[in-house]
Protein chains: 2
Amino acid sequence: MQPTPMLVAVDLVVLTLRSGELEALLVRRGVEPYAGRWALPGGFVEPGEDLVDTAVRELGEEAGIGRLRPHLEQLATYGSPDRDPRGRVVSVAYLALVPDPGDPVAGSDAADAAWRAVGTLGRSRSLAFDHARILRDGVERARAKLEYTSLAAALIPEPFTVNELREVYAAVWGVEPDPRNFHRKVTSADGFVVETHATTTRGGGRPARLYRRGPAVQLHPPMLRG
Amino acid sequence: MQPTPMLVAVDLVVLTLRSGELEALLVRRGVEPYAGRWALPGGFVEPGEDLVDTAVRELGEEAGIGRLRPHLEQLATYGSPDRDPRGRVVSVAYLALVPDPGDPVAGSDAADAAWRAVGTLGRSRSLAFDHARILRDGVERARAKLEYTSLAAALIPEPFTVNELREVYAAVWGVEPDPRNFHRKVTSADGFVVETHATTTRGGGRPARLYRRGPAVQLHPPMLRG
DNA sequence: TCCTTTATCGTCATTTCGACATTAAGGGCA
DNA sequence: TGCCCTTAATGTCGAAATGACGATAAAGGA
């Protein structure tokens with residue numbers, strides 16, 4: 001029996017932190033199916049193109065992100081037979097975490113693109129295809145990985161203060177870690193952040209030391225959610 | 001531009017514990033490419049079939065496992081353009097953890113099938129396609145998940161003793177947790193295991209209490225690797 | 001100048017961790 | 001029938017981590 005060829009797409013869950021909230025990048029679909037509906041940015045894999053290269057390409061074409069060297073990891077693959085009315089399409093989802101690239105989504109292919117707070121569209125049925133499910137899985141992955149990896153620093157621009165890093169956890173987890181204990185854990189976790197010589201007063205009050213992302217990927221010990 | 005259809009396969013990393021070692025299920029390929037070489041069990045996704053259903057089907061057809069209600073989760077998707085000499089094949093890998101189903105791999109489709117200790121083929125080039133890489137990723141996933149989930153119990157048959165569960169960690173992590181501290185952590189981690197009224201003397205010495213898998217998926221607190 | 005604000009460091013009681021001792025409860029064997 | 005050997009389970013204790021706070025530092029602004 002001959003195997004059946006299928007279409008393979010890559011969809012992106014792009015997350016960032018904007019004004020203290022975790023937001024996802026969405027594009028408005030211009031064509032059927034689901035024309036006019038919001039969807040995750042994505043596209044089909046081209047011949048000779050690796051999956052991750054498709055993700056990087058779409059990140060540039062549809063999201064205007066690429067200069068930012070975002071964190072990019074494979075999320076999961078969705079292949080329900082009826083997930084696309086056009087026929088059999090298997091979608092490999094990637095999760096990207098980027099520092100806020102600003103409002104106008106430059107270089108965007110899509111008719112329209114916007115950042116939306118993830119809280120409002122968790123179980124919403126407004127997204128095209130099974131993208132609400134994919135988005136939920138991406139947010140869940142980000143929540144979990146904040147605990148035992150240094151990914152939180154990927155959501156804010158360098159250099160950053162300890163308090164700005166704390167606000168990432170506050171936004172993604174919905175809990176406010178104690179500033180003093182948080183400071184102790186972050187600076188004692190080996191390789192999470194590296195100190196610079198500069199400080200900033202952008203928070204008001206006493207100048208805060210500025211840090212850059214450290215070499216550590218896994219955190220020892222992990223940050224705890226209570 | 002029309003998108004290019006591709007073949008979509010599902011490959012399985014099936015792990016179990018046999019005589020104190022972590023082993024993976026391999027099948028010997030009967031046809032080109034890589035005829036005669038060992039490979040992960042797998043097959044193409046059929047029309048109208050969901051990815052996870054393909055995994056479950058292959059688990060029965062190629063591995064003779066199915067009665068055992070194994071733990072099954074998606075691992076990752078591999079789509080390098082040159083990973084299959086026949087052409088473009090995207091493979092969705094699944095990770096299955098099962099209690100030892102015994103030596104003869106019954107109901108097996110493949111010409112030959114065998115359990116192999118994962119330690120010996122970590123970076124080996126003896127496996128077909130990119131299956132060595134997939135296997136390594138699967139083992140790495142299992143190692144990580146043992147830390148903060150109750151998955152260790154999926155590798156042994158019920159009911160089991162605390163020491164049998166400890167041997168899972170010893171085999172997968174390559175370290176010997178202290179039996180007394182391990183006992184304390186397991187029985188205090190909420191929902192990891194549930195006590196039965198029975199005991200066994202199969203270990204020799206004082207009878208050990210028998211447990212079943214608890215309802216917990218995540219472990220609080222997690223088991224630590226030092 | 002002093003007051004408000006935020007950052008950083010310190011304190012301390014509680015909990016957890018890791019190493020180890022002790023007691024419990026079976027089977028094997030003389 | 002007793003000893004003895006083996007493994008299971010519980011207990012102990014110092015070191016380390018955690019969580020809830022207080023105290024001090026360093027800026028800008030009234």
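The radius of gyration that I will quote is taken over C-alpha atoms, and the globule rule I compare it with is 2.2 Å times the number of residues to the power 0.38. What we have here is a predicted model, in which local features need pLDDT of at least 70 and side-chain atom pairs count only at pLDDT 80 or more, while totals for chains, interfaces and linings use all residues. Residues are numbered from 1 along each chain as its sequence is written, chains are lettered from A and ligands numbered from 1 in the order in which they are written, and side-chain values use heavy atoms, with hydrogens and water left out.

Let me start with chain A. For its 226 residues, a compact globule would have a radius of gyration near 17 Å, and chain A, with 19 Å, agrees with that. Its C-alpha atoms fill a box of roughly 65 × 40 × 35 Å along the principal axes. Of the 226 residues in chain A, 50% are buried, where buried means under 20% relative accessible area, with a 1.4 Å probe and protein chains only.

Now to one residue in chain B, namely B:E73. Is B:E73 buried or exposed? B:E73 is buried, because its relative accessible area is 10%. The side chain of B:E73 makes a polar contact of 2.7 Å with that of B:H71, and another polar contact of 2.7 Å links the side chains of B:E73 and B:R141. A polar contact here is a pair of N or O atoms within 3.5 Å; within protein, one must be able to donate a hydrogen and the other to accept it, and residues adjacent in sequence count only if both atoms are side-chain atoms.
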